[in-house]
Amino acid sequence: MEAYSVFKDLAIIIIFAKLVGILARKCKAPQVVGEIVAGLLIGPSVLGLVQQTDFLMEMAEIGVVLLMFSAGLETNLKELLKTGPIALLIACAGVFVPLVCGTFLYMGFYGTAPWGSEKFYMAVFIGVIMTATSVSITVESLKEMGKLKEKVGTTILSAAIIDDVIGIIVLTFVVGFKSPESNPGKVVISTILFFVMALILGFILYKVFKFLDSRYPHTRRIPIISLALCFFFAYAAEKFFGIADITGAYVAGIILCSIKDSYYIEEKMEVSSYMIFGPIFFASIGLKTNIDNMDFSILLFSIAFVIVALLGKVIGCGIMGKLCRFNTMDSLKIGVGMMTRGEVALIVAQKGLSVGLLTPIYFTSVILLIIVSSISTPIILKLLYSKDQKKIPAKN
């Protein structure tokens with residue numbers, strides 16, 4: 001392939017991703033859904049305008065690292081620490097129940113597998129995909145109804161943040177255990193060492209960046225050095241600890257989320273991510289999605305995957321909410337608010353594909369989950385809150 005043909009591929013990806021993304025937003029679906037569909041349309045399964053190449057795969061990997069770095073930057077660390085044990089318990093239940101349900105769902109369709117086998121890890125990984133929560137749509141819905149700052153809204157937001165942290169840790173363990181040269185003890189020690197290193201080095205780097213931020217506020221050198229930190233942590237995580245590069249990028253974002261110019265760093269990261277790396281990553285999901293081999297069994301699995309993933313969050317988070325002394329209606333709101341999936345689910349699925357824990361055909365299930373949860377969550381939340389309003393007695 002000619003070296004310059006990559007420019008044609010990039011032009012097609014960016015134009016299609018933007019146009020179909022706008023169309024998705026008009027249909028009240030997340031823009032990322034449109035970008036994924038765009039990749040599906042221009043890929044081998046439909047129009048065949050763009051083929052997956054090593055260059056595009058590497059660009060997509062940069063895209064996913066930047067996305068996770070941005071997710072870390074957007075984390076409200078003070079709010080995270082303030083919410084305390086309730087949000088942590090809800091998040092743990094919101095990870096554990098879908099993880100177990102997803103594992104058993106895969107085994108129910110494809111048979112049980114012995115502990116430590118390839119098939120066993122594939123089953124667990126289906127559960128890992130289900131653990132991810134994307135709370136952005138829920139937040140927007142709660143904002144619209146003026147309910148975001150209430151106790152339920154704050155709990156959902158905090159639990160979703162903790163949920164993602166736990167999900168990334170679970171992903172790290174599963175990927176580590178799958179590696180042939182690893183053993184359980186080594187994986188556990190490597191993971192602990194990484195987070196100890198991140199804590200110590202992160203504190204030092206936070207102080208350094210805080211000093212730089214006070215000395216050179218709102219200057220472009222801060223985002224540039226921050227980007228270098230993101231890439232270094234992504235590299236170090238994989239190279240020295242055998243941890244997923246996205247975990248390193250996410251930790252780098254958390255280190256910087258509390259400095260004054262964190263929003264400025266995020267603003268600068270957003271430009272490159274929004275214009276090129278983000279669309280390439282999401283379109284690459286569509287490019288990898290293989291619908292040629294789609295049959296009735298995969299379609300049936302996809303439907304079951306969506307139902308189990310949604311109910312897993314509602315049941316896990318809802319029951320824990322009830323145990324934490326929320327009333328039944330508020331517990332249900334928490335469960336529904338936690339059931340949306342988005343970028344993190346795609347990032348996890350992408351990582352599974354790269355390490356051989358997932359095949360492209362299952363991206364269809366993940367995309368279907370994102371679409372269904374993104375559309376259904378705001379509708380169900382509005383219905384639940386409207387029932388509350390009906391219970392308020394009218395004033396004479």
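In which helix is Ser 70 found? In this predicted model, Ser 70 belongs to helix α3, which covers residues 54–73. The residue has a relative accessible area of 7% and is therefore buried, since the cut-off for burial is under 20%. Beyond its neighbours within four places in sequence, Ser 70 makes contact with Glu 266 and Met 269.

The largest nonpolar core contains 119 residues, and the members that touch the most others are Phe 69, Phe 125, Val 128, Phe 281 and Phe 305. Helix α8 (residues 151–178) supplies the largest share of this core, with 11 residues. The surroundings of Phe 305 can be listed in the same way: leaving aside neighbours within four places in sequence, Phe 305 is in contact with Leu 105, Ile 126, Ile 129, Met 130, Ser 365, Val 366 and Leu 369.

Cysteines come next. Cys 230 is buried, at a relative accessible area of 0%, and Cys 257 is buried too, at 9%. A search of the whole structure turns up zero disulfides.

Most residues other than glycine have a negative phi. His 218, which is not a glycine, has a positive phi of about 55°; this residue sits in the loop between α9 (184–215) and α10 (221–241) and is partly exposed, with a relative accessible area of 41%. Arg 325 also has a positive phi, near 75°. Its place is the loop between α13 (296–323) and α14 (328–337), and Arg 325 counts as exposed because its relative accessibility of 80% is over 50%.

Notes. Residues numbered from 1 in each chain as written. Predicted model: local features only at pLDDT ≥ 70, side-chain atom pairs only at ≥ 80, totals over all residues. Heavy atoms only, no water. Helix = DSSP H or I, 4+ residues; strand = E, 2+ residues; numbered from the N terminus. Buried < 20%, exposed > 50% of the residue type's maximum accessible area, 1.4 Å probe, protein only. Contact = heavy atoms within 4.5 Å. Core = buried A, V, L, I, M, F, W, Y, C linked by side-chain atoms within 4.5 Å. Disulfide = S-S within 2.5 Å.
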